[in-house]
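Entries follow in the order I took them.

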Amino acid sequence: MKPNNLKQPLWTKEFITLMVSNLFLFLTLQMMLTTLPAYAQDAFTASPLQVSLITSLFAFSAILSRFVSSKALEKGKLRLLLYVGLFISLAATLGYYWATGIIFLLLMRILFGIGFGMTSTSFPTMASNVIPPKRMGEGMGYFGLSTTLAMSIGPMIGLTMLQHGGFTPLVMLTVLINILIFPLAYILISKRPKAESAPAPKATADDVDVPSGFNRKLILPSVLNFLMSITYGGLLSFMALYGQEAHLSNPQYFFLFNALAIILVRPFSGKIYDRYGHKALMVPAAVLMIAGLLLLTFAASTGSLLLSALCYGLGYGAMQPSIQTWMIQEVHPKQRGMANGMFFNSLDFGVAIGSIVLGSIAKATSYGMMYRFSAISLVLLIVIYVIMKLVRGAAAAPPTALNETNQSAAG
């Protein structure tokens with residue numbers, strides 16, 4: 001007899017609304033992430049250090065914000081967290097328009113990071129609560145598609161707006177998208193049971209096994225997510241500059257075909273995860289991403305650029321939701337806010353470190369060589385993952401061997 005959970009619907013109105021809300025949220029991030037460095041350099045003659053701070057200050061403020069957000073979610077402060085985060089993000093986005101210097105612009109990036117950290121923790125936590133448990137891998141794969149789609153098409157939209165419309169229309173479009181999230185958030189909050197918006201009840205017998213504080217099971221997937229994100233930080237920050245170096249006329253198409261590959265792989269990778277777990281996806285996905293990065297360094301035409309984007313997108317599209325689902329399943333449902341916070345913190349930290357470290361490598365060598373170096377982080381990911389699997393397998397083996405020895409002695 002098949003489990004009843006498999007028959008539970010995934011594509012509910014609430015799940016679809018959450019996906020659209022999350023897509024809009026990450027669009028407001030990605031449309032500005034790739035354009036603000038160029039704008040700051042042109043408008044304020046920003047130094048290379050100041051340009052790198054635009055990405056890193058945002059990432060670090062979002063990381064700190066999520067530590068507070070995960071605690072608030074555990075206490076049932078979802079409604080407050082979501083609305084405060086949206087208002088702060090909107091205020092910071094409007095602040096870009098009135099920024100008259102690099103210092104004010106950096107302050108707005110810190111403010112946006114705080115608001116984004118709050119909101120980006122809320123939506124995936126809500127999604128993990130409405131997805132049927134037996135379809136968690138498939139559901140989080142589809143939900144993560146909204147994030148990766150934004151990461152892929154957001155830079156294209158932002159760069160196109162900046163080139164053809166200027167910075168002010170770009171800011172206004174970002175503000176409009178941010179405003180559209182508010183009614184969607186209201187719909188979601190109004191449907192939540194009152195118990196989810198109230199403080200958590202006192203512990204009962206069912207909560208005895210709920211770990212308190214930080215969950216050490218999240219360390220390994222967080223490290224792997226960090227290593228994966230280093231490579232994406234290099235793509236986000238330097239793809240346009242690499243296009244100039246390699247004489248590629250349309251480097252922004254990399255993000256478009258990366259998104260198409262993600263769309264293709266998500267329906268399959270989620271079902272594979274639900275059946276076999278992350279062990280069936282992590283290493284093949286990393287190999288595909290390495291192939292994509294190496295192909296990129298040899299790209300001499302738009303066709304070869306698109307082939308590299310497809311390889312990288314297939315790997316990234318399989319690995320990212322696998323790690324997020326893995327982290328959610330490692331914790332008690334009441335700790336899903338912490339798991340999602342750790343997922344996005346390791347993602348942002350990897351992007352920030354990748355931008356800084358790979359930028360230094362590119363300055364000393366070239367952008368092509370930089371992408372070859374970035375592939376080393378994925379090789380390290382494979383090594384760590386395989387070693388940890390072997391160590392955990394060896395740790396589980398001795399009791400069995402000991403039992404067999406005892407049985408032989410008894411015989």
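Helices here are DSSP runs of H or I with at least four residues, numbered from the N terminus. I keep in mind that this is a predicted model.

**Entry 1: serine 269**

I began with one residue. By that numbering, serine 269 falls in helix 10. Is serine 269 buried or exposed? I take buried to be under 20% relative accessible area. Serine 269 has 3% relative accessibility, so it counts as buried. Next I checked its contacts, setting aside neighbours within four places in sequence. Serine 269 then touches Leu281, Gly317 and Ala318.

**Entry 2: second largest cavity**

Serine 269 turned up again here, in the lining of the second largest cavity. Leu281 and Ala318, both contacts of serine 269, are also in that lining. Which helices supply at least two residues of its lining? I found helix 6 (136-164), helix 10 (253-276) and helix 12 (302-329). Helix 12 gives the most, with 4 residues. By class I logged 4 nonpolar residues, 6 polar and no charged.

**Entry 3: largest cavity**

I counted cavities of 30 Å³ or more and got 2. The largest cavity holds about 100 Å³ of space. Its lining includes Phe26, Leu29, Gln30 and Leu33. Thr55, Phe58 and Ala59 are also among the lining residues. I sorted the lining by class: 9 nonpolar, 2 polar and 1 charged.

**Entry 4: largest pocket**

I turned to open space. The largest pocket has a volume of about 1,200 Å³. I noted 35 lining residues, and the closest to the pocket centre are Pro37, Val51, Ser237, Phe238 and Leu241. Helix 2, helix 3, helix 6, helix 9 and helix 13 each supply at least two lining residues. The class count for the pocket is 20 nonpolar, 13 polar and 2 charged. I ran the domain check on the pocket as well. Domain 1 and domain 2 both contribute to its lining, so the largest pocket lies between them.

**Entry 5: positive phi**

Last, I looked at backbone angles. Most residues other than glycine have a negative phi. I wrote down two residues with a positive value.

Threonine 45 has a phi near 50 degrees. I placed threonine 45 in the loop between helix 2 (36-44) and helix 3. Its relative accessible area is 67%, so threonine 45 is exposed.

Histidine 247 is not a glycine either, and its phi is positive at about 60 degrees. I found histidine 247 in the loop between helix 9 (219-245) and helix 10. Is histidine 247 buried or exposed? The cut-off for exposed is over 50%. Histidine 247 has 71% relative accessibility, so it counts as exposed.

Terms used: Residues numbered from 1 in each chain as written. Predicted model: local features only at pLDDT ≥ 70, side-chain atom pairs only at ≥ 80, totals over all residues. Heavy atoms only, no water. 1 Å grid on protein atoms, 1.4 Å probe; cavity = no way out; pocket = protein on both sides within 12 Å on 5 of 7 lines; lining within 4 Å. Points joined across faces, edges and corners; volume = space filled by probe spheres on them. Nonpolar A, V, L, I, M, F, W, Y, C, P; charged D, E, K, R; others polar. Buried < 20%, exposed > 50% of the residue type's maximum accessible area, 1.4 Å probe, protein only. Domains from an automatic or database assignment. Contact = heavy atoms within 4.5 Å.
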